[in-house]
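Welcome, and please open your viewer. This short tour moves from one selection to the next, with a note on what to look for at each stop.

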Amino acid sequence: MRNDCLFCAIVDGDIPSNKVYEDELCLAFYDIEPQAPVHFLVVPKEHICCARKITGENSALVAHIFEVIAKVCEDLGCESYRIVNNCGDQAGQTVKHLHFHVLSGRDMTWPPG
């Protein structure tokens, strides 16, 4: 497994996923423990540990991911959705690979639990 990273293994095809979208820069796949009727993750194919490591050199990749989120949500008919990113242990980041959760299909509350 590249970098001992779960999401790198999914990107490399070493671990199967239920893909929603894929291109040369990112992969979107359904969460295995969905928290909403629609719950998928979008990860860059390049290993970036977390949002804290977004820089001027890689921020175009993050912009691309948000464009992909908009396209996938439109394709899935999600008119309203939440995008979540956890950065660091205290924030609940369990996989140290930048990723965005996209949740839709139910009312969202704030603050989240």
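By about what are Asp75 and Lys71 separated in helix α2? Select the two: they are 4 residues apart in that helix, so about one helical turn lies between them. Their side chains meet in a salt bridge, 2.7 Å from N to O. By salt bridge we mean a side-chain nitrogen of Lys or Arg within 4 Å of a carboxyl oxygen of Asp or Glu. Helices (H or I, at least four residues) and strands (E, at least two) are DSSP runs, numbered from the N terminus.

Before moving on, a word on the model: it is predicted, local features need pLDDT of at least 70, side-chain atom pairs count only at pLDDT 80 or more, and totals for chains, interfaces and linings use all residues. Residues are numbered from 1 along each chain as its sequence is written, and side-chain values use heavy atoms, with hydrogens and water left out.

Now colour by accessibility. Asp75 is exposed at 53% relative accessible area, while Lys71 is partly exposed at 40% (buried is under 20%, exposed over 50%, partly exposed in between; 1.4 Å probe, protein chains only).

Next, select Glu22 and Lys45, a salt bridge whose closest N and O atoms are 2.9 Å apart. Glu22 sits in strand β1 (residues 19-22) and Lys45 in the loop between β3 (38-44) and α2 (59-76), so this pair ties together parts 23 residues apart in sequence. Glu22 is partly exposed, at 38%.

Then pick Lys96 and Asp89, whose side chains form a salt bridge at 2.5 Å, N to O. Lys96 is partly exposed at 38%; Asp89 is exposed at 61%. Across the whole structure, the search finds 4 salt bridges.
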